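I opened this notebook to keep track of what I looked up, one region at a time.

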Amino acid sequence: MNLQVPNNISEITPYPPGKPIEELEREYGISGSIKLASNENPFGPSPVALSAMQSALEKLHRYPDGSCYYLSESLSAHLGVDQAQIVFGNGSNEIIEFLVKAFVTENDEVITSHPSFLMYQKFVQVRGGTNQVLPLKGMAHDLEKIAVLASARTKLIFLDNPNNPTGTLISADQLELFLSRLPEHVIVVLDEAYIDFVEDDKKYDTISLINDVAGRCGVVCLRTFSKAYGLAGLRIGYGLMSKDIAACLHKVRQPFNVNLVAQEGARAALADQAFYVKTLKMTADGKRYLMCEVEKLGCTAYPSQTNFFLIDVKTDATSLYEEMLLKGVIIRSMKAYGFPQFIRISIGTDQENRRFLDCLQGALQECGNV
Ligand SMILES: Cc1ncc(COP(=O)(O)O)c(C=O)c1O
């Protein structure tokens, strides 16, 4: 074989896959470990969703509904948007891919921040487009610089809002000003994977921004069932956008991109608002508790509008990550993201949170912090 890999593909560093928890336990000789590394919902899935998915299994000899009709009907009623403005994907990740596929070609540019969600840049590389990556300003997107950088070649701007990994949210005023400064041909993608966790007094309406406004750039909102709805393993998310943008995304997707179980599970999860509300409350309580306790251990906790937050552990984050792993607590070192002394943790159950704090105290001692 004479494998000829195009440069844009050979240059891609694959997304680092986490090892299965069972493998890590075997490797480290530990058991009963907990994972606070991927911003998942530790309380889910909802029992209502679980039962709907169990029933759906009996229909697996059939292809799924390629239009996600019933899920789209439920979501349309829930959010107050037209069904033609919703596109579903195999996770919101897939909507990111559709956007890049539909709108980016070789001579085009896409603006993202660093650090932010890694997948935006990877999809652009696959298309042979050019990534323009701007550092965060402090902990937030540098909207001023992004607006200046946007040019005739800019097709998409990705803003995770709140940002992963810093957890910061763009305010309504900042966003309005930013959108007004952009060329009309640009599409701003607000990746709202964590929007459900935003505190009530900071919440504002972004969905109305998806409607086409003459003279203003386009806006797409991305949302997911992976976080607050507790269905990360099911892979289902969606984008909200103008009908014209949605029509383009339908051209680049496979006919059955969302599986049958995912459609039924997501629809049932949406109906189980009690589970959703409980998740938000327990996450907020857990976050408050953890932030207060890590400060008592001499670390600095960074405020976050999500189900995770950054901690300055004041010692090498990767050594601390290794120590925590030995104790069976999986967290994320932020070294590769440009924060060598920071870790990111997701909020767990009460029991997981307490175990994390116990292990953190020990690990900090072993890493010479305390
Ligand atoms: C900012 C952000 N966007 C998108 C995703 C992907 O979500 P999904 O599971 O819907 O593909 C994640 C996952 O962690 C994320 O952090």
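The entries that follow concern a predicted model, and they go through strands and then helices.

**Entry on strand β8.** I began with β8, which spans residues 237-240, and asked which of its residues are buried on each side.

**Entry on the partners of β8.** Next I looked up which strands pair with β8, and I found β2, residues 86-89, joined to β8 in the antiparallel sense over four bridges. Within that pairing, I noted that Val-87 has Gly-239 of β8 as its bridge partner. I also found β7, residues 218-224, running antiparallel to β8 and joined to β8 by four bridges. Here the residue that stands opposite Tyr-238 of β8 is Arg-223.

**Entry on the four-stranded sheet.** I then turned to an open sheet of four strands, in which the order is β9-β10-β13-β12 and the pairing is antiparallel. Because β9 (300-301) and β12 (332-333) each have a single partner strand, they stand at the edges, and one side of each is left without a neighbour in the sheet.

**Entry on helix α9.** My question here was which residues of α9, residues 243-252, are buried. They are Ile-245, Ala-246 and Leu-249. Seen down the axis of α9, these buried residues fall within an arc of 100°, so they line one face of the helix. On the face turned away from that buried side, I found the exposed residues Asp-244 and Lys-251. I also checked what covers the buried residues of α9, and the cover includes β2, α5 (92-103), β6 (187-191) and β7.

**Entry on helices α4 and α10.** Last, I looked at how α4, residues 69-79, packs with α10, residues 260-271, and noted an angle of about 25° with the axes 9 Å apart. Since angles under 35 degrees count as roughly parallel, I recorded that α4 and α10 are therefore roughly parallel to each other. Their crossing is left-handed. The residues that meet are Tyr-70, Leu-71, Ser-74, Leu-75 and His-78 in α4, and Gln-263, Ala-266, Arg-267 and Leu-270 in α10.

Definitions and conventions: Residues are numbered from 1 along each chain as its sequence is written. This is a predicted model: local features need pLDDT of at least 70, side-chain atom pairs count only at pLDDT 80 or more; totals for chains, interfaces and linings use all residues. A residue is buried if 20 or more other C-beta atoms lie within 10 Å of its own, exposed if 12 or fewer, and partly exposed in between; C-beta atoms are placed from the backbone. Helices (H or I, at least four residues) and strands (E, at least two) are DSSP runs, numbered from the N terminus. Two strands pair if DSSP finds at least two bridges between them. The arc is that of the directions from the helix axis to the C-beta atoms. Two residues are in contact if their C-beta atoms, placed from the backbone, lie within 7 Å. Axes are lines fitted to C-alpha atoms, for helices over the stretch in contact, and angles run from 0 to 180 degrees between N-to-C directions. Angles under 35 degrees count as roughly parallel, over 145 as roughly antiparallel, 65 to 115 as roughly perpendicular and the rest as oblique. A crossing is left-handed if the near helix is turned anticlockwise from the far one by less than a right angle, and right-handed if clockwise.
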